[in-house]
Amino acid sequence: MLISVIAWPLIVILWQHRRTNGVPGLEVHFFAGKIKIGGKEYSAVDVQFTNHTGAVTYVSNVRVRSLTEAFWVPPDAARDINQNSYHLKFIDDAGGFTRREATLQTSGSAKTCMPSGIMPLEFYQYSPRAIRRWFRRPKYFVLEYTVMVGTSRHLVATLY
């Protein structure tokens, strides 16, 4: 009786809020870039999402959290002090980063950007080891976002 009253609802809640490392068919790529914040130009890491899922995909609530000392962010970047994270916005048709979500058709892509120091080449070639994933210890940061593929919702936390 106790299991069905307490444990089962807890298991269902935890299952609905689990985070995965990625979504099959949704590619995430990092590129070196630049961004202007308040008239100042900064080096940046461009993040490109490309949809190869076979369905219309919605990407929203993209943010970077759990930053380490290896990934420097300029103080001009807008930081959410509540969750100690940086929300990323997608580029619009005018070239500004204003959109909080992106709709990706099949083979479509969308770009967002994170201001940073100049990152070495090894950053763009990095692949986290399994032990880092198991213990949730990022080398640089954790990229979090929500993805809707068709009618399936995925909460993603990619350790990088």
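Modeller: A residue is called buried when its relative accessible area is under 20%, exposed when the value is over 50%, and partly exposed in between, computed with a 1.4 Å probe on protein chains only. This is a predicted model, in which local features need pLDDT of at least 70 and side-chain atom pairs count only at pLDDT 80 or more, while totals for chains, interfaces and linings use all residues. Residues are numbered from 1 along each chain as its sequence is written, and side-chain values use heavy atoms, with hydrogens and water left out.

Biologist: Is Phe30 buried or exposed?

Modeller: Phe30 counts as buried because its relative accessibility is 16%. Phe123, at 0%, is also buried, whereas Pro120, at 41%, is partly exposed.

Biologist: How many aromatic pairs are there?

Modeller: Rings of Phe, Tyr and Trp (its six-membered ring) pair if their centres lie within 6.5 Å; planes under 30 degrees apart are stacked, over 60 edge-to-face, and the rest tilted. By this rule there are 15 aromatic pairs. One of them is the stacked pair of Phe30 and Phe123, with 5.8 Å between centres and 25 degrees between planes. That pair links distant parts of the chain, 93 residues apart: Phe30 lies in strand S1 (residues 26–37) and Phe123 in helix H2 (residues 121–125). Helices (H or I, at least four residues) and strands (E, at least two) are DSSP runs, numbered from the N terminus. Ring pairs also join Phe30 and Phe123 into a cluster with Phe71, Tyr124, Tyr126, Tyr140, Phe141 and Tyr160.

Biologist: Which residues does Thr158 touch?

Modeller: Contact means heavy atoms within 4.5 Å. Leaving out residues up to four places away in sequence, Thr158 touches Asn21, Phe141, Val142, Leu143 and Tyr145. Thr158 belongs to strand S10 (residues 152–159), and its side chain reaches the backbone oxygen of Asn21 at 2.7 Å.

Biologist: What volume does the largest cavity have?

Modeller: Rolling a probe the size of a water molecule over the atoms shows where empty space is left. On a 1 Å grid over the protein atoms alone, a cavity is a set of points where a 1.4 Å probe fits but cannot get out, and lining residues have an atom within 4 Å of a point. The structure holds one cavity of 30 Å³ or more, and the largest cavity has a volume of about 40 Å³, a volume being the space filled by probe spheres set on the points.

Biologist: Which residues line the largest cavity?

Modeller: Phe30, Val45, Val47, Val64, Phe71, Met114 and Phe141 line the largest cavity.

Methods. Polar contact = N/O pair within 3.5 Å; in protein donor to acceptor, adjacent residues only side chain to side chain. 1 Å grid on protein atoms, 1.4 Å probe; cavity = no way out; pocket = protein on both sides within 12 Å on 5 of 7 lines; lining within 4 Å.
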